Amino acid sequence: MRGRDLVGRNVRRVRVQKGISQERLAFDSDVDRSYLGGVERGEANPTVDILDRLAATLGVPLAEIFAEFGEDFPEIQGLPRGRKPG
C-alpha cells in the first residue's frame, strides 16, 4: 500500500472511531476541509506538520497515523450523513 493511502486510511479510521466529522477535524486542526478529504483519499501529500496537527487533534500519537494492518485492514464505515442536532 502506498504511504499516502496508508496515512489517509488511518486518519479516516481514527476520525470515524472517535465520531468526529471531517469538517470538525479540519476546523480544529486548522486544515482546509477539502484538503483533508484529499488526505483521506490518498490524493494529497501532507507535510509532517499537518500530520502532527491531525494526530494531536485526534488525540493519538503520530505513529498511529502510520500504523500498518496488512491484508486485514479494518473496514471503515462512515459517520451518519447530515448535520448533528443542536
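A few questions and answers follow.

Guide: This is a predicted model, where local features need pLDDT of at least 70, side-chain atom pairs count only at pLDDT 80 or more, and totals for chains, interfaces and linings use all residues. Residues are numbered from 1 along each chain as its sequence is written, and side-chain values use heavy atoms, with hydrogens and water left out.

Visitor: Is Glu40 buried or exposed?
Guide: Glu40 sits in helix H3, residues 33-40. Helices are DSSP runs (H or I, at least four residues), numbered from the N terminus. Buried means under 20% relative accessible area, exposed over 50%, partly exposed in between (1.4 Å probe, protein chains only). At 9% relative accessibility, Glu40 is therefore buried.

Visitor: Which side chain makes a polar contact of 2.7 Å with that of Glu40?
Guide: A polar contact pairs N or O atoms within 3.5 Å; within protein, one must be able to donate a hydrogen and the other to accept it, and residues adjacent in sequence count only if both atoms are side-chain atoms. Contact alone means heavy atoms within 4.5 Å. Beyond four places in sequence, Glu40 has contacts including Gly8, Val11 and Gln22. Its 2.7 Å side-chain partner is Arg15.

Visitor: At what angle do H1 and H3 pack?
Guide: Axes are lines fitted to C-alpha atoms, for helices over the stretch in contact, and angles run from 0 to 180 degrees between N-to-C directions. The axes of H1 and H3 are 7 Å apart. Their angle is about 115°.

Note on methods: Helix = DSSP H or I, 4+ residues; strand = E, 2+ residues; numbered from the N terminus.
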